[in-house]
Amino acid sequence: SHTLKPLNLRLVPNGVCRTVNSKKVNDEEVEEVVKLVRELLNNPKLCRTADGDRALSIGIISLWGEAQSGKIWGKLCGDAGIFARMEEHRIECGDSLDFQGSEHDVVILSMVADSKSIALSGNRAMQNFNVAMSRAREAVFL
């Protein structure tokens, strides 16, 4: 049994949102997401569902789309410890559309933004955020 709070905030104080080929990425946040996944997998109290019944499933959703999620996925696959446990923990990474209709025990939202970025706004952004937030069974990390 674990004690994950339903909503968890992780600040990336030195994160920088930059544009690459008209797509937004935040490399420091990519590293923080990979670090968080590693922490969840390496903690025996956190790597199983609250009832201890099965391996905790982990979904990583980038609110800015495929450039950020692609960088995260590449780093996850490049980490031998995480890669070896991807299937067991049903680790998936994508944007909110990729997660439509599916749930994970833990959802990590990659906001991509930094302290100088303009916040996502508008109906589409709200819908994407709503989909992302509603995919978690046990906990969300922002």
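These are my notebook entries on a predicted model of one protein chain.

**Ground rules.** I number residues from 1 along each chain as its sequence is written. Because this is a predicted model, I kept in mind that local features need pLDDT of at least 70 and side-chain atom pairs count only at pLDDT 80 or more, while totals for chains, interfaces and linings use all residues, and that side-chain values use heavy atoms, with hydrogens and water left out.

**Overall fold.** I started with the secondary structure and found four helices and seven strands in the protein chain. Here helices (H or I, at least four residues) and strands (E, at least two) are DSSP runs, numbered from the N terminus. Along the sequence I read the pattern β-β-β-α-β-α-α-β-β-α-β. The radius of gyration, taken over C-alpha atoms, is 14 Å, close to the 14 Å that the globule rule gives for 142 residues, so the chain is as compact as a globular protein of that length. That rule is 2.2 Å times the number of residues to the power 0.38. I also noted the box that the C-alpha atoms fill, roughly 40 × 30 × 25 Å along the principal axes.

**Surface and contacts.** I looked up burial next: 44% of the 142 residues count as buried. Buried means under 20% relative accessible area, exposed over 50%, and partly exposed in between (1.4 Å probe, protein chains only). For contacts, meaning heavy atoms within 4.5 Å, I took those with a separation of 6 or more, and residues 24 or more positions apart account for 76% of them.

**The cores.** I then turned to nonpolar cores, which are sets of buried Ala, Val, Leu, Ile, Met, Phe, Trp, Tyr and Cys residues joined through side-chain atoms within 4.5 Å. The largest one has 22 residues, and Val37, Leu40, Ile60, Leu76, Ile91 and Ile108 have the most contacts inside it. At least two of its residues come from each of α1 (27-42), β4 (58-62), α2 (66-78), β6 (104-110) and β7 (136-141). Helix α1 gives the largest share, seven residues. Apart from this core I found another, of seven residues, including Ile61, Leu63, Val107 and Ala132. In soluble globular proteins, nonpolar side chains tend to be buried together.

Leaving out residues up to four places away in sequence, Ile91 touches Val37, Leu41, Ile58, Ile60, Trp73, Leu76, Ile82, Arg85 and Met86.

**Cysteine 77.** I found Cys77 in helix α2. Cys77 is partly exposed, with a relative accessible area of 28%. Beyond its neighbours within four places in sequence, Cys77 is in contact with Phe83 and Met86. I also checked Cys77 against Lys35: they are 42 residues apart in sequence and 13 Å apart in space, C-alpha to C-alpha.

**Aspartate 27.** Asp27 sits in helix α1 and counts as partly exposed, at 25% relative accessibility. Neighbours within four places aside, I listed Val16, Arg18 and Lys71 as contacts of Asp27. Asp27 and Gly15 are 12 residues apart along the chain, and their C-alpha atoms are separated by 7.1 Å.

**Serine 134.** My last stop was Ser134, in the loop between α4 (123-133) and β7. Ser134 is partly exposed, with a relative accessible area of 32%.
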